[in-house]
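Here's a quick walk through one protein model, written for someone who likes to click along. Keep the viewer open as you read.

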Amino acid sequence: GRLQTLEEKEELILSYMIEMGKPEVIQYPNCSPSIQRLQSYLDCVSLEGLASPGSVKVRSLTLYRKQGLSNRTFLLKVETGGKPLDTLILRLYGSNNKAGREFKLLKLLRSRSLPVQVYAFEESKKVLGKPFLIMEMIKQTQPEDEQHLVDAAACSLAEIHAVKPSG
């Protein structure tokens, strides 16, 4: 069958580029319906702890070169007051249940002082056709040595497993 909408065409192109191993070359043009809907969304919601509603302008949305198995990950560049903010992650989910569970888990981890920040969660499929999170992008740092990396990973896992879900 023929593709009826621009969104269906965008999805097909994204799938093809991921399959071909070239996700870093996909950047949505600012005139795309997806960018326009995302901008309208950001005009109405705050990025919790980062920016108030209507103060964020989308600069670019690019498919991230590192993809998960079941979600699409994008680099979201935004500005507020004409000044660029750090690059954010927009994670697009295949199902509401998974998105909602991950959102609750990330918020719980943040409440226990673990270094994860979620700025927005949209579970309706009205903005991008699927639920999504906007979150902080953790900057990669080189460990001092392999033992330091193993120790840091073990400490992080211990902190995560020490969190007891409430209720």
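## Ground rules

You're looking at a predicted model, where local features need pLDDT of at least 70, side-chain atom pairs count only at pLDDT 80 or more, and totals for chains, interfaces and linings use all residues. Residues are numbered from 1 along each chain as its sequence is written, and side-chain values use heavy atoms, with hydrogens and water left out.

## Layout

The protein has 4 helices and 6 strands. Helices here are DSSP runs of H or I with at least four residues, strands are runs of E with at least two, and both are numbered from the N terminus. Read from that end, the order is α-α-β-β-β-β-α-β-β-α.

How much of the protein counts as buried? Of its 167 residues, the share is 34%. Buried means under 20% relative accessible area, exposed means over 50%, and partly exposed covers what's in between (1.4 Å probe, protein chains only).

## Two ring pairs

Rings of Phe, Tyr and Trp (its six-membered ring) pair if their centres lie within 6.5 Å; planes under 30 degrees apart count as stacked, over 60 as edge-to-face and the rest as tilted. By this rule there are 2 aromatic pairs. Take tyrosine 41 and phenylalanine 132: their ring centres sit 5.3 Å apart with the planes at 75°, so this pair is edge-to-face. It joins distant parts of the chain, with tyrosine 41 in helix H2 (residues 33-44) and phenylalanine 132 in strand S6 (residues 132-136), 91 residues apart. Both tyrosine 41 and phenylalanine 132 are buried.

Phenylalanine 103 and phenylalanine 121 make a stacked pair, at 4.6 Å centre to centre and 15° between the planes. Here too distant parts of the chain are linked: phenylalanine 103 belongs to helix H3 (residues 96-111) and phenylalanine 121 to strand S5 (residues 118-122), 18 residues apart. Is phenylalanine 121 buried or exposed? Phenylalanine 121 is buried, because its relative accessible area is 19%. Phenylalanine 103, at 22%, counts as partly exposed.

## Salt bridges

A salt bridge is a side-chain nitrogen of Lys or Arg within 4 Å of a carboxyl oxygen of Asp or Glu. The structure holds 3 salt bridges, listed here.

| Glutamate 48 | Lysine 107 | 2.8 Å |

Why does the pair of glutamate 48 and lysine 107 tie together separate parts of the chain? Glutamate 48 lies in the loop between H2 and strand S1 (56-63) while lysine 107 is in helix H3, so the pair ties together parts that are 59 residues apart in sequence. Glutamate 48 is partly exposed at 42%, and lysine 107 is partly exposed at 25%.

Arginine 59 counts as partly exposed, with 36% relative accessibility.

Glutamate 102 sits in helix H3 and arginine 91 in strand S4 (residues 88-92), 11 residues apart. Glutamate 102 is buried, with a relative accessible area of 18%.

Glu144, Asp145, Glu146 and Asp151 gather in a surface patch of negative charge. Patches are made of residues with over 30% relative accessible area and no salt bridge, with like charges joined within 9 Å and nonpolar side chains (Val, Leu, Ile, Met, Phe, Trp, Tyr) within 5 Å. Accessible areas come from the Shrake-Rupley method. Lys and Arg count as positive and Asp and Glu as negative, leaving out His and the chain ends; each charge is placed at NZ of Lys, CZ of Arg, CG of Asp or CD of Glu.

Glutamate 146 lies in helix H4 (residues 146-162) and is exposed at 67%. Alanine 162 belongs to helix H4 and is exposed at 53%.

Glutamine 39, in helix H2, is buried at 18%. Glutamine 39 and valine 56 are 17 residues apart in sequence, with 8.0 Å from C-alpha to C-alpha. Leucine 75 is found in strand S2 and counts as buried at 18%. The C-alpha atoms of leucine 75 and methionine 137 are separated by 8.5 Å, though the two are 62 residues apart along the chain.

Definitions and conventions
Areas by Shrake-Rupley, 256 points an atom, 1.4 Å probe, with all protein chains shown as cover.
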